[in-house]
Amino acid sequence: MHHRYDVLVVGAGGAGLMAALYAAKGNVSVAVVSKLYPTRSHTGAAQGGIGAALGNVAEDHWEWHMFDTIKGGDYLTDQDAAEIFAKDIIEAVYELEHMGLPFSRTPEGKIAQRKFGGHTREFGKAAVERSCYAKDRTGHMILQTLYQQNVKAGTTFFNEYQVLDLIIEDGVCRGIVAYDIATGELHTFHAKAVILASGGYGRAFKITSNALTLTGDLMSIYYRKGLPLEDMEFYQFHPTGIAKLGILITEGVRGEGGILRNESGERFMERYAPTIKDLAPRDMVSRAIISEIREGRGVGPDKDAIFLDVTHLPREAVEQKLAEITDLSRTYLGIDPVKQLVPIQPTAHYAMGGIPTTLDGECIATDDGQLITGLYAAGEVACVSLHGANRLGTNSLGDLIVFGRRAGVAAAKFARDAVLADMPVNPAAMASDMIASLKTGQGRENAARIRKELQETMMANVGIFRNGPDMAKQVEIIKELKDRYRNVSVSDTGTRYNSELMETVEVGFLLDCAEAMTASALNRTESRGAHDREDYTERDDANWLKHTMAYRDMRGNGNVNIGYKPVVLGKFEPKPRVY
Ligand SMILES: Cc1cc2nc3c(=O)[nH]c(=O)nc-3n(C[C@H](O)[C@H](O)[C@H](O)COP(=O)(O)OP(=O)(O)OC[C@H]3O[C@@H](n4cnc5c(N)ncnc54)[C@H](O)[C@@H]3O)c2cc1C
C-alpha cells in the first residue's frame with residue numbers, strides 16, 4: 001500500500017502529537033504513524049510534571065530556569081536552546097491549560113507547582129517550586145489532551161504501524177516504510193517532510209524505567225545510513241526505581257519532601273549536596289546512592305538498595321499528590337509508603353543524546369552542520385542539546401512541547417513550499433528483505449537471549465560508574481552480539497500480530513544504540529554529568545567542552561567513527577557544579 005501526505009510524524013508521544021498538531025495548524029495534510037496506540041506512548045508514564053517558571057507558588061524567572069538547565073547539564077547544554085526553552089515553556093504550559101489539561105491547582109485556583117531536582121531560585125540559592133503537575137499523572141494528561149486536539153485538527157493516525165526504514169536519497173528525505181502489525185503488510189508513506197518523534201532506548205539496560213517498546217528504532221535507522229548520533233555517552237539513571245524492578249518512583253516524591261536514607265537511617269544526601277540535599281540533580285543522587293551501597297551502607301537482602309522515606313509526610317499528601325507511586329509500592333512491593341520505607345535503586349531512564357537537530361528540529365547530517373532536507377526530529381529521539389550531559393527532571397516534557405511545536409511549525413512551512421521529491425523505484429526493498437531473511441533464515445540464534453546479554457553487560461560495563469577497560473570489553477561484547485544477531489531467525493512466520501518478528505527487529509535497533517553509546521563513552525576521557533569515569537574523574541573543559549558525533553563505519557567492520565560539534569556557549573560561563 002502506498003500513501004501520500006505533506007507531513008508525516010513517526011511516533012505519537014508528547015513530541016509527535018505536539019508536532020502533528022502544529023503541522024496540522026499549518027494547513028498541510030498530516031499523518032502520524034505509531035507502533036503503539038497513541039495514548040499508550042511512554043509520555044503517558046511521566047508522573048512528576050513539567051517545569052516552567054510561572055511563579056505561582058514562589059517567585060521565579062525564566063533566567064533562573066535557563067541557568068538551572070545549563071548547570072544541570074554540566075555546561076554541555078547549548079545555551080541558545082536553553083534560552084528558547086525556558087522562555088517558551090511558560091506560555092506553552094498555559095496553552096496546554098487552555099486546551100483542557102487538568103492541572104492540579106493552588107488554593108487560589110492557579111496551576112500548582114512543586115519542587116524538583118536541580119530547579120532553584122536565584123541561580124542555585126535554594127530549591128524552587130517550578131514543576132506544574134496533574135497529580136502524578138502529568139504525562140498521561142498531556143497525551144490525552146494532545147490526542148484529542150489532533151483528532152479535532154483532522155490528523156490521520158496509522159496506529160500499530162512499525163517504521164522499519166526511512167527513505168533518504170541525495171540528502172533529501174522522501175518518506176518512510178512501515179509494517180502493519182495487524183496484517184504483516186508493508187506500507188510506503190511518501191511525504192514532503194518527515195518528523196521523527198519515536199522516543200528513547202532504555203531497554204538497552206537491564207534495570208530501566210522505560211517501557212518495553214523503547215528500543216531506539218529511529219535512532220538506529222538514522223545511524224545505519226551513516227548519519228550521526230550526538231552525545232550518546234550521556235545516559236541518565238534516575239535515582240529512584242523500585243528495587244530490582246526499575247519501575248519509576250517519581251522525583252516528585254522528593255519534591256514533596258521525601259528523603260533518602262541509608263542502612264543506619266542517615267539522610268546521606270546532606271554529605272553530597274549540602275544546599276539542596278535530596279533535590280540535587282539525578283546524576284549526583286544516583287552516584288551518591290551507588291557510593292553508599294559500595295561502602296556497605298545499602299539496605300535490603302542483598303544490601304544493594306537505599307530507602308526512600310515519606311513516612312513523616314501527612315497521609316493525605318502522599319495519597320493525594322502521589323497516588324500513582326503509592327499504588328505502585330503497594331502492588332509491586334506489598335509496602336505501604338505511608339507507614340513503611342520503600343527500597344529503591346537507580347534505574348536507566350533517559351537518553352540525553354540522539355539525532356542531532358537545529359533549534360527548528362532539522363536533522364543534522366555532518367559535523368559541520370549540513371542538513372537532511374525535509375527531515376526533522378523532536379523529543380527523546382532527538383538531541384537539540386537542551387539537556388547537555390544530564391537532564392533535569394520535568395525538562396523532558398517541556399522539551400517535547402517546545403521543540404515538538406517548533407519542529408511541527410518548521411515542517412509545515414517547508415512542506416507548503418516544497419515539491420514532493422520522487423520515491424525510489426522499490427522503496428520497501430530493504431524492509432521486505434529484512435523480514436524475509438528473518439522468517440526464512442536457518443540461523444539458530446535467539447534474539448531474546450542476545451537482548452538479555454546486551455542488557456546485563458550494558459548495566460555492568462556502561463552504567464553509572466564507568467572505566468576504560470570495562471567499556472573496551474563492552475565494545476567487543478557488542479561486536480560479538482552483532483555477529484550472533486546476523487544468525488537470528490524467528491520461529492513464528494505468521495503475518496498477524498507477529499510480535500516475535502518485531503521484537504527481533506528491535507533487538508537489532510538496540511544493538512546499534514548500545515554500540516554508539518559505548519564507543520562515545522569510551523572516547524570521552526573526562527567525567528561530566530551522567531558520564532562518570534573512575535579513570536578520568538575530573539571535568540575537562542579545555543579538551544571536552546564539545547558534543548560527540550558518533551558515525552557507524554560504513555565499511556561494515558563494526559567500528560564507530562567519532563566527530564565533534566561545538567557547544568553553543570552564552571552568558572553562563574562553565575563553573576564547578578556545587579549544590
Ligand atoms: C516512567 C517515566 C516517568 C517520567 N516522568 C517524567 C516527568 O515527570 N517529567 C519529565 O519531564 N519527563 C519524564 N520522563 C521522561 C519523558 O516522559 C520522556 O522522555 C518523554 O515522554 C518522551 O516522549 P517522546 O514523545 O519523545 O516519546 P514517547 O512518549 O516515548 O513516544 C514514542 C512514540 O514513538 C512511537 N514509535 C517508536 N518506535 C517506532 C517505530 N519504529 N515505528 C512507529 N512508531 C514508533 C511509539 O509508538 C510512541 O508513540 C519520564 C519517563 C519515564 C520512563
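A search of the whole structure finds zero disulfides, a disulfide being a pair of cysteine sulfur atoms within 2.5 Å. This is a predicted model, in which local features need pLDDT of at least 70 and side-chain atom pairs count only at pLDDT 80 or more, while totals for chains, interfaces and linings use all residues. Residues are numbered from 1 along each chain as its sequence is written, and side-chain values use heavy atoms, with hydrogens and water left out.

**Cysteines**

- The closest cysteine sulfur to that of cysteine 383 belongs to cysteine 363 and is 11 Å away, too far for a bond.
- Cysteine 383 is buried, at 2% relative accessibility (buried means under 20% relative accessible area, exposed over 50%, partly exposed in between; 1.4 Å probe, protein chains only).
- Cysteine 513 is in no disulfide either, its nearest cysteine sulfur being that of cysteine 383 at 13 Å.
- Cysteine 513 is buried, at 0% relative accessibility.

**Nonpolar cores**

- The largest nonpolar core has 81 residues, of which Leu166, Val194, Tyr201 and Leu375 touch the most other members (a core is a set of buried Ala, Val, Leu, Ile, Met, Phe, Trp, Tyr and Cys residues joined through side-chain atoms within 4.5 Å).
- Helix H15 (residues 499-523) supplies the largest share of this core, 13 residues (helices, H or I, of at least four residues and strands, E, of at least two are DSSP runs numbered from the N terminus).
- A second, separate core of 62 residues includes Ile70, Tyr75, Val93 and Phe572.
- Leaving aside residues up to four places away in sequence, valine 194 touches Leu8, Val10, Leu166, Cys173, Gly175, Ile176, Gly374, Leu375 and Tyr376, contact meaning heavy atoms within 4.5 Å.

**Aromatic rings**

- There are 16 aromatic pairs (rings of Phe, Tyr and Trp, the last by its six-membered ring, pair if their centres lie within 6.5 Å; planes under 30 degrees apart count as stacked, over 60 as edge-to-face and the rest as tilted).
- Tyrosine 5 and phenylalanine 158 pair edge-to-face, at 6.0 Å centre to centre and 80 degrees between the planes.
- Tyrosine 5 lies in strand S1 (residues 2-10) and phenylalanine 158 in strand S6 (residues 156-159), so this pair ties together parts that are 153 residues apart in sequence.
- Tyrosine 5 is buried at 16% relative accessible area, and phenylalanine 158 is buried at 10%.
- Tyrosine 201 and tyrosine 235 also form an edge-to-face pair, with 5.4 Å between centres and 65 degrees between planes.
- Ring pairs link Tyr5, Phe158, Tyr161 and Phe189 into a cluster.

**Salt bridges**

- The count is 57 salt bridges, each a side-chain nitrogen of Lys or Arg within 4 Å of a carboxyl oxygen of Asp or Glu.
- Glutamate 95 bridges to lysine 25, with the closest N and O atoms 3.9 Å apart.
- Glutamate 95 is in helix H3 (residues 79-99) and lysine 25 in helix H1 (residues 14-25), so the pair ties together parts that are 70 residues apart in sequence.
- Glutamate 95 is buried at 13% relative accessible area, whereas lysine 25 is partly exposed at 48%.
- Glutamate 91 forms a salt bridge with arginine 405, the closest N and O atoms being 3.1 Å apart.
- Glutamate 91 in helix H3 and arginine 405 in helix H11 (residues 395-417) are 314 residues apart.
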